Amino acid sequence: MTPLRCFGAVMLGTLSALVASPIRGSAADRQTIVLASTTSVENSGLLAHILPQFTQETGIEVHVVAQGTGQALATAAHGDADLVLVHDPEAEAKFMAAGDGLTRQEIAWNDFIIVGPTADPAHIAGSKDAVAALTAIASAKVPFVSRGDNSGTDALEKRLWKAAGLDPVAAGGGWYRDIGGGMGAALNAAAAMDAYTVSDRGTWLSFGHKAGLAIVLEGDPRLLNRYDVILLNPQTHPQAKQVPARQLASWLASAEGQAAIGGYTIAGQRLFHPEADPKP
């Protein structure tokens with residue numbers, strides 16, 4: 001065999017081997033990333049609304065693992081995600097301090113609300129003081145549904161009880177119901193039990209079975225709800241697909257991504273505000 005034919009045969013054999021055994025990190029492999037995110041952005045329909053636009057423009061498919069914020073951060077810390085989108089500033093700060101996160105950027109916000117029976121047995125409707133409202137619910141011992149799932153919403157609720165100087169679990173009486181579930185499950189439980197609960201506004205607006213529930217409290221500055229995208233630290237998580245993950249993070253913060261977030265509405269109401277929108 002001539003040297004040229006020999007070289008060609010070797011190259012052909014090498015290419016065949018590469019096709020038969022794809023190398024992790026190849027162009028084809030990089031076209032799918034895993035986003036660990038919260039149930040609120042998933043249940044509200046936001047991700048289903050905006051991610052197809054990102055995929056169409058970049059060719060990168062995003063597989064979403066929707067969990068409570070604490071679980072989503074744990075998933076990323078265990079190396080099972082490429083990017084994180086969550087909403088619990090305290091848990092996020094710990095994640096960054098542990099060296100798991102490289103950068104953290106706010107990309108959207110909305111607010112938490114307290115919803116409850118239209119009859120409002122705790123008489124909190126019209127108030128803008130979330131701590132006083134929880135105090136009134138505890139005093140009246142009317143049903144209250146807690147997610148109890150280590151989510152951003154659950155963390156916010158626990159901070160409010162702490163600010164009120166109350167421990168609803170220790171109080172007993174059966175009025176405090178910890179369901180250990182997502183936001184949709186909590187709203188369904190509240191509707192079934194004529195109970196109060198804390199919800200993010202996005203999930204509430206997209207929730208289709210409100211039954212006898214209504215917003216009874218909103219507007220407390222303590223109920224501001226920010227969403228941050230976190231890139232993983234490549235030194236701690238070398239398996240993370242940094243390049244496509246960075247593309248998604250950059251797109252979410254770009255003018256185009258922000259317009260997509262702000263353009264998601266239900267019945268004319270925005271479920272999430274772009275980061276630059278004035279906050280209350």
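Where is the place of Ser 37?

A: Ser 37 is located in strand S1, which covers residues 32–38. The model is a predicted one, in which local features need pLDDT of at least 70 and side-chain atom pairs count only at pLDDT 80 or more, while totals for chains, interfaces and linings use all residues. Residues are numbered from 1 along each chain as its sequence is written, and side-chain values use heavy atoms, with hydrogens and water left out.

Ser 37 counts as buried because its relative accessibility is 0%; buried means under 20% relative accessible area, exposed over 50%, and partly exposed in between, with a 1.4 Å probe and protein chains only. Not counting residues up to four places away in sequence, Ser 37 touches Leu 47, Val 64, Val 65, Ala 66, Gln 67, Ala 72 and Leu 85. Contact here means heavy atoms within 4.5 Å.

Helices (H or I, at least four residues) and strands (E, at least two) are DSSP runs, numbered from the N terminus. After H4 comes Gly 79, with a positive phi near 85°.

Leu 85 is one of the five residues, together with Ile 50, Leu 83, Leu 248 and Phe 272, that touch the most other members of the largest nonpolar core, which has 41 residues. Such a core is a set of buried Ala, Val, Leu, Ile, Met, Phe, Trp, Tyr and Cys residues joined through side-chain atoms within 4.5 Å. Helix H9 (residues 183–193) gives the most to this core, with six residues. Apart from this core lies another, of 22 residues, among them Ala 122, Ala 130, Tyr 176 and Val 216. In soluble globular proteins, nonpolar side chains tend to be buried together.

Within H9, the buried residues are Met 183, Gly 184, Ala 186, Leu 187, Ala 189, Ala 190 and Ala 191. Asp 194 follows H9 and has a positive phi, near 50°.

Leu 83 brings several segments together. Leaving aside its neighbours within four places in sequence, Leu 83 is in contact with Val 34, Leu 35 and Ala 36, with Val 229, Ile 230 and Leu 231, and with Ala 245, Leu 248 and Ala 249.

Leu 85 is also touched by Ile 107, a residue of strand S4 (residues 101–117). Ile 107 counts as buried because its relative accessibility is 3%. Beyond four places in sequence, Ile 107 touches residues including Tyr 227, Val 229, Leu 252, Ala 253, Gln 258, Ile 261 and His 273. Ile 107 and Gly 257 lie 150 residues apart in sequence, with their C-alpha atoms 9.0 Å apart in space.

Helix H11 (residues 242–253) and helix H12 (residues 255–262) pack at an angle of about 65°, with axes 4 Å apart. H11 and H12 are therefore roughly perpendicular to each other, a label for angles of 65 to 115 degrees, whereas those under 35 count as roughly parallel, those over 145 as roughly antiparallel and the rest as oblique. The axes are lines fitted to C-alpha atoms, for helices over the stretch in contact, and the angles run from 0 to 180 degrees between N-to-C directions. Trp 251, Leu 252 and Ala 253 of H11 meet Ala 255, Glu 256, Gly 257, Gln 258, Ala 260 and Ile 261 of H12.

For the whole protein chain, the secondary structure comes to 12 helices and 12 strands. Of its 280 residues, 46% count as buried. Among contacts between residues at least 6 apart in sequence, 75% join residues at least 24 apart.
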